[in-house]
Amino acid sequence: MKKQESNKIILKASAGTGKTYRLSLEYIYNLLKNIDFKNIVVVTFTKKATAEIKERIFDFLYQVAFEKSKGIELKKNLKEIYNLSEDDFDKEKLQNIYFEMLKNKEDIRIYTIDSFTNRIFKQAIAPYFEISSFETLDSESSDFYEKIFKKIMDNENYYKKFEFLIEEVGEKKEIKNYVKIIEELVEFQKKYVIAKDFELKEEKQKKQESDKKVLEVFDFLTPLQEIYSEVKIFSEEKGKNISECFNDKLFEIFDQIKKESENSSEKKIEIVVKNLEKLLDSKIKNYYNGKFIRKKELTETLQELQKNFLDKFSKYILKNKVYPFHNKLKEFCEFLYDLVRREKISSKKFTHDDISIYTYEFIFDKNLKFIKNNKFTQDFFEIIGGNIDTIMVDEFQDTSILQWKILKLIMDCAKNVICVGDEKQSIYGWRDGEKELFENLDEIVDGSKVETLKKSYRSYKAVIENVNKIYCDYDEKSNWNYEKVDYKSEDAEYQKGYFEFEINELEDKKSPTEKRIFKNIIQMVENKEIKNLGKSCIIAGKNKYLSEIASELNAHNIPYTLKSNKSILEHSAVNPIYRLIKYFLYNNFQYLLEFLRSDLIGCLNSHVKYILENKNIIEIFMKNSKEEDFDLFLENFDFNFDFEKNKNENTKNININIERIEKSERKREKESEREYEREEEKSRKEEIKDEKIEKKYEDKKEEIKIEDKEKEKDKEIKIKKEELLKYKKINLIERNGFLFSDVLSKIKKLKKLSENLNSKTKKENFSLEVIKDFEITNFYSTNSDIKNIFEFFNILKSHTDLFDFINYIEEKKKR
């Protein structure tokens with residue numbers, strides 16, 4: 001086949017209409033057009049989609065090249081879609097390509113959008129930063145923003161740039177508020193970098209003549225003064241107090257303005273600006289009191305004056321407050337983003353957003369010479385792995401503006417562009433996905449044509465028809481040109497299906513769960529209307545709703561597996577185990593208490609009181625003792641153990657050193673060594689004499705002291721022993737039948753096991769021991785409980801150690 005002209009397609013594909021199938025055919029078609037597979041780039045949104053399309057491409061190429069069972073149908077579809085003939089299929093060439101791709105899988109360019117941007121950053125931008133390797137983060141930690149804030153506060157020049165924001169925050173003086181501002185501004189950078197060349201339009205003439213400035217000032221003061229005059233005339237005619245004729249929230253402002261002399265316009269402006277929140281409050285409809293002032297002619301006059309004031313005053317605020325603040329903020333953002341970038345380059349840690357931002361920013365850097373005439377240069381393509389003749393973008397509706405800016409530069413250089421998406425499936429708005437991009441893509445990509453995959457091969461008739469109904473009338477204002485989707489009408493099986501939607505308006509959003517729609521689902525399961533639970537799914541808009549649903553399913557003993565960002569920890573059976581494992585890793589006593597107080601163990605306040613009072617001894621048992629049984633540990637515990645050992649040693653040594661220094665100083669002060677020695681000898685004799693006299697007395701006194709100390713110590717040990725053995729009175733944890741001492745002994749044993757989980761077998765044994773020791777599957781015994789418990793331990797077993805596991809869980813919680 002001869003090379004074809006460029007081909008740019010916008011492919012609209014609803015769920016189940018075969019978009020992966022079509023993309024795979026597009027890939028084969030490009031190979032048939034003599035385009036090297038090394039010059040074809042496929043960009044998807046998830047790792048799962050990347051793996052799926054790669055597998056499908058290999059399968060299709062194999063089927064067609066070697067004329068296997070599916071090859072005939074694939075060739076038929078290729079011929080129909082792309083107007084090909086039998087002569088266009090060179091079997092030997094396709095086989096060679098297949099083997100070439102197998103041998104050189106690393107040259108197949110199928111990426112997620114993040115990994116594709118990462119690749120550009122790593123190969124084109126990172127060397128400019130003088131870094132060869134870096135760590136990619138899902139999100140930035142709060143510690144990072146605190147570090148940036150500290151750098152700003154510790155540097156006088158930095159602080160001066162930030163000072164205006166501190167004044168703006170005003171009374172919110174807590175450090176966390178300032179750190180939050182830094183975080184929000186950094187997160188805003190992905191939007192700022194796109195629009196940083198955009199300038200707010202000020203008035204055409206920035207420098208007006210002084211007389212015009214004066215006139216402009218009075219332009220917004222005059223309407224206020226006229227309002228006061230009109231209301232005053234009315235109040236005098238009606239014999240009312242003028243304050244009653246104004247809106248009670250605003251009279252004080254008008255009164256203050258009136259009291260200022262005619263020549264003090266600056267003071268009047270100051271009063272108005274100081275009260276701008278009140279004057280611009282949308283809740284205040286009229287500045288006058290509508291209960292008294294009702295005459296149509298007067299109300300119209302007052303409303304016109306108020307409108308005139310608001311118009312003039314808004315322009316004044318825009319010019320004198322908003323523009324200056326905007327300029328200061330822009331200047332600070334430029335400084336902040338530079339500081340942040342330097343910090344990230346130094347640490348070699350970047351989020352996905354950072355990589356997109358710096359990639360977009362620096363590909364335009366003139367020093368790098370990547371862009372010429374608004375297109376990528378050959379140097380750029382060589383750096384990132386070769387030319388791109390064809391680019392295919394899957395799930396385009398989830399592409400952000402920033403990602404699009406990068407992709408657009410590549411598309412402008414590619415011969416073939418295929419963008420596949422479905423506006424209805426736009427689910428990544430939280431990551432700045434812009435479905436409007438896809439809706440208008442045919443107008444943005446020059447020379448493109450739109451195709452629609454209209455038939456769903458996945459969903460049944462009832463589902464398709466109802467989806468069509470919803471989206472046909474979805475939003476009249478958006479002018480969404482929705483095309484109906486067809487189902488497999490020729491297949492009897494696909495004439496079935498179930499679809500129902502019900503809209504419940506809740507008067508109170510905090511209404512009890514029984515009012516919620518999922519009650520109907522439970523009834524349908526219990527009435528056997530839903531028979532195959534394994535193929536049934538409940539989707540909710542928020543994690544908290546999933547928790548409510550899970551609780552109800554649990555109450556009705558309906559098995560389920562909870563999948564959400566926090567799913568595994570929100571399950572009551574999993575949370576206490578997770579607390580225990582966090583205690584094993586961090587040795588944080590709080591986690592131990594939380595585990596013991598959980599429903600699984602059931603410790604009471606008396607147990608918690610005992611633990612807190614004897615925390616040091618329990619920690620010795622957990623960390624240092626070779627004894628594994630808590631009862632035996634206490635029986636053999638050395639109650640003479642000095643928890644404050646060596647506490648006075650430092651003080652003693654310090655006193656000795658001070659005496660030595662003083663002695664040395666005295667020696668230097670003596671006129672001669674002999675004089676010093678004579679005095680020393682005399683002093684020693686006197687000391688010996690005094691010591692002999694006092695020794696007997698001191699010895700006797702010391703004997704009495706030692707006896708008293710030993711008696712006191714014996715008394716203290718007896719009290720300590722009695723306190724420690726108090727656990728025996730509360731040893732039975734009545735709620736669940738555990739012995740308190742046994743629980744502590746088991747925790748110690750498991751803690752030791754947790755320190756060495758360097759093999760799959762050890763993780764397996766550890767998991768089974770935790771379940772067995774605390775009879776977890778007896779206490780949490782529903783099918784869903786057991787499913788989630790084992791899912792939790794399967795996740796644990798998939799990680800290298802507890803640190804890696806807990807890091808993973810905590811990251812999931814943040815999302």
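**Entry 1. Helix H34**

I began with helix H34 and listed its buried residues: Ser 784, Asp 785, Asn 788, Ile 789, Glu 791, Phe 792, Phe 793, Ile 795, Leu 796 and Lys 797. I took buried to mean under 20% relative accessible area, exposed over 50%, and partly exposed in between, with a 1.4 Å probe and protein chains only. Helices (H or I, at least four residues) and strands (E, at least two) are DSSP runs, numbered from the N terminus.

I note that this is a predicted model, in which local features need pLDDT of at least 70 and side-chain atom pairs count only at pLDDT 80 or more, while totals for chains, interfaces and linings use all residues. Residues are numbered from 1 along each chain as its sequence is written, and side-chain values use heavy atoms, with hydrogens and water left out.

I then checked the length of H34, which covers residues 783-797. The expected span of a helix is 1.5 Å times one less than its number of residues. For the 15 residues of H34 this gives 21 Å, and the end C-alpha atoms are 21 Å apart, so the two agree.

**Entry 2. The chain as a whole**

I recorded 35 helices and 12 strands in the protein chain. Of its 815 residues, 40% count as buried. Contact means heavy atoms within 4.5 Å. Among contacts in the protein chain with a separation of 6 or more, 72% come from residues 24 or more positions apart.

**Entry 3. The six-stranded sheet**

I looked up an open sheet of six strands, ordered E3-E2-E8-E9-E1-E10, with parallel pairing. E3 and strand E10 (449-453) stand at the edges with a single partner strand each, so one side of each has no neighbour in the sheet. The twist averages 15° from one strand to the next. Two strands pair if DSSP finds at least two bridges between them.

Which strands pair with E2? Strand E8 (residues 390-393) pairs with E2 in the parallel sense over four bridges, and strand E3 (residues 109-112) runs parallel to E2 and is joined to E2 by four bridges. On the E8 side, I found Val 41 opposite Ile 391. On the E3 side, Val 43 stands opposite Tyr 111, and Thr 44 stands opposite Thr 112.

Why is E2 described as largely enclosed by the rest of the structure? Five of the five residues of E2 (residues 40-44) are buried, and E2 is therefore largely enclosed. In a regular strand the side chains alternate between the two faces of the sheet. In E2, Ile 40, Val 42 and Thr 44 point one way and Val 41 and Val 43 the other way, and all are buried.

Helix H2 (residues 47-65) lies across E2 and E3 and runs at about 160° to E3. Helix H5 (residues 113-125) lies across E2 and E3 too, running at about 110° to E3. Axes are lines fitted to C-alpha atoms, for helices over the stretch in contact, and angles run from 0 to 180 degrees between N-to-C directions.

**Entry 4. Packing of H1 on H3**

I found helix H1 (residues 19-32) packed against helix H3 (residues 71-82) at an angle of about 80°, with the axes 11 Å apart. H1 is therefore roughly perpendicular to H3. Angles under 35 degrees count as roughly parallel, over 145 as roughly antiparallel, 65 to 115 as roughly perpendicular and the rest as oblique. H1 makes the contact through Tyr 21, Arg 22, Leu 25, Glu 26, Ile 28 and Tyr 29, and H3 through Glu 73, Leu 74, Asn 77, Leu 78, Ile 81 and Tyr 82.

**Entry 5. Two buried residues in helices**

I looked up Phe 335, in helix H14 (residues 296-347). At 11% relative accessibility, Phe 335 counts as buried. Leaving aside neighbours within four places in sequence, Phe 335 is in contact with Ile 152, Tyr 158 and Lys 161. The C-alpha atoms of Phe 335 and Tyr 158 are separated by 8.5 Å, although the two are 177 residues apart along the chain.

Ser 235 is found in helix H10 (residues 210-238) and is buried at 3% relative accessible area. With neighbours within four places in sequence left aside, Ser 235 is in contact with Lys 240, Asn 241, Ile 242 and Cys 245.

**Entry 6. Cysteines and phi**

I searched the whole structure for disulfides, meaning pairs of cysteine sulfur atoms within 2.5 Å, and the search finds zero. Cys 413 is partly exposed at 26% relative accessibility, and Cys 537 is exposed at 61%.

Most residues other than glycine have a negative phi. I noted a positive phi of about 50° for Glu 67, in the loop between H2 and H3. Asn 374 has a positive phi of about 60°; Asn 374 is in the loop between strand E6 (371-372) and strand E7 (375-376) and is exposed at 61%.
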